[in-house]
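Let's take a friendly walk through a protein model.

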Amino acid sequence: MQYAISLLGALFCMVFPLTTLQAEPLKAVPAVVTDNASSAVMLDAKWAKDHIVAVGDHGVVLISNDQGVAFHQASAVPLSTPLTGVSFADAQHGWAVGQWGAILASSDGGDSWQVQRLSSNKDRPLFAIHFFNVRQGVAVGLWSLVLTTDDGGQTWTEQTLDTPSGSSRADLNLMGLFANGEGAVFATAERGQVLRSDDFGNSWRYLDTGYEGTLWSGAVLADGSLLVGGQRGTLLHGSAKGEDWHRVPLERKSSITSIAVSGPHVVVAGLDGLMVRSDNGGQDFQEQLVANGVSLTAVVLGDEKQPILFSRRGVLTVQPR
């Protein structure tokens with residue numbers, strides 16, 4: 001019997017069979033610095049205040065100091081396993097997570113990294129991470145894995161989730177994290193669930209969207225309301241309290257992988273080159289196909305509000321407005 005993570009399987013051809021969760025101890029091998037790193041499969045990207053940091057397969061970390069026009073590879077990453085999430089608290093201090101429950105930390109803007117956590121005997125991957133400040137952070141992953149820190153990642157504590165309604169145990173895969181800037185953090189999950197924490201990830205409550213599939217990503221809009229996306233073109237809009245969910249109608253049914261928001265500007269990216277845009281805070285959306293249909297995995301918005309796109313084929317050309 002095999003267990004496949006739908007998000008990573010569909011996007012990145014990363015399958016985590018149940019039989020490999022107990023495996024030979026991991027031997028950490030540093031990522032290789034190459035000339036074509038910008039063509040690697042990229043899995044997440046975030047702003048680090050004044051520059052962009054993206055992470056991906058084979059431990060590749062890319063950095064751009066010019067609004068995504070050019071990227072260079074980080075010089076020292078101690079793992080060559082897939083990195084699936086990244087978060088920066090300021091321009092210097094950042095963290096990345098990935099396979100084998102790895103958590104890496106950087107104190108120089110992403111150019112070099114150190115291992116803070118690595119589960120070398122059990123592959124229970126982490127999919128997303130968010131830091132509120134340089135000390136307090138949360139990471140989430142396979143089978144309701146939630147880890148928190150209040151010392152900048154020097155130590156991590158596993159938190160126990162309550163069992164969701166209609167289930168016998170808390171075993172949802174937690175796929176993404178996003179915050180509202182006012183202390184609350186949200187996790188997107190399977191079975192149409194969004195989880196909310198108001199205490200830096202130490203405790204959570206479930207927000208049922210009414211959708212039954214997996215939600216992969218989310219963001220807080222300018223008015224405080226929530227926008228989450230997932231399988232088969234599912235884009236849901238809910239109130240700031242995580243209530244009154246309704247579907248945003250899309251013509252295409254490509255799964256949504258990433259949502260970026262800057263003021264009234266919203267960009268939603270997905271598989272098969274799906275990009276959905278709004279310039280009025282999510283009141284209206286326009287769909288378009290980009291990059292010859294290549295599957296998009298992450299998006300950030302530049303200073304000019306242009307989307308900087310990442311994909312299973314690496315960094316894509318900045319799309320003009």
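This report looks at confidence, then at a sheet, its strands and some backbone angles.

## How confident is the model?

Keep in mind that this is a predicted model. The protein chain has a mean pLDDT of 90, and 90% of its residues reach 70 or more. Over residues 1-22, however, the pLDDT is below 50. Beyond near neighbours in sequence, that stretch has 60 contacts in the model.

## A sheet of four strands

Now find the open sheet of 4 strands, whose order is β1-β2-β3-β4 and whose pairing is antiparallel. At its edges lie β1 (42-47) and β4 (72-73), each of which pairs on one side only.

You can trace the pairing from strand to strand. Between β1 and β2 there are 5 antiparallel bridges, and Met42 has Gly56 in β2 as its bridge partner. From β2 to β3 there are 4 bridges, again antiparallel; here Ile52 is partnered by Ser64 in β3. Finally, β3 (residues 61-64) and β4 pair over 2 bridges in the antiparallel sense, with His72 in β4 as the bridge partner of Ile63.

## Inside the sheet: strand β2

For β2, both faces are covered. Ile52, Ala54 and Gly56 are buried on one side, while Val53 and Val55 are buried on the other.

## Turns and positive phi angles

Most residues other than glycine have a negative phi, which makes the following residues worth a look. The hairpin of β1 and β2 has 4 residues between its strands, and Lys49 in the turn has a positive phi of about 65°. The hairpin of β2 and β3 also has 4 residues between the strands, and there His58 takes a positive phi near 60°.

Trp100 is a further residue with a positive phi near 60°. Look for Trp100 in the loop between β6 (94-98) and β7 (102-106).

Methods. Residues are numbered from 1 along each chain as its sequence is written. This is a predicted model: local features need pLDDT of at least 70, side-chain atom pairs count only at pLDDT 80 or more; totals for chains, interfaces and linings use all residues. Side-chain values use heavy atoms; hydrogens and water are left out. Two strands pair if DSSP finds at least two bridges between them. pLDDT is the predictor's confidence in each residue, from 0 to 100. Contact means heavy atoms within 4.5 Å. Buried means under 20% relative accessible area, exposed over 50%, partly exposed in between (1.4 Å probe, protein chains only).
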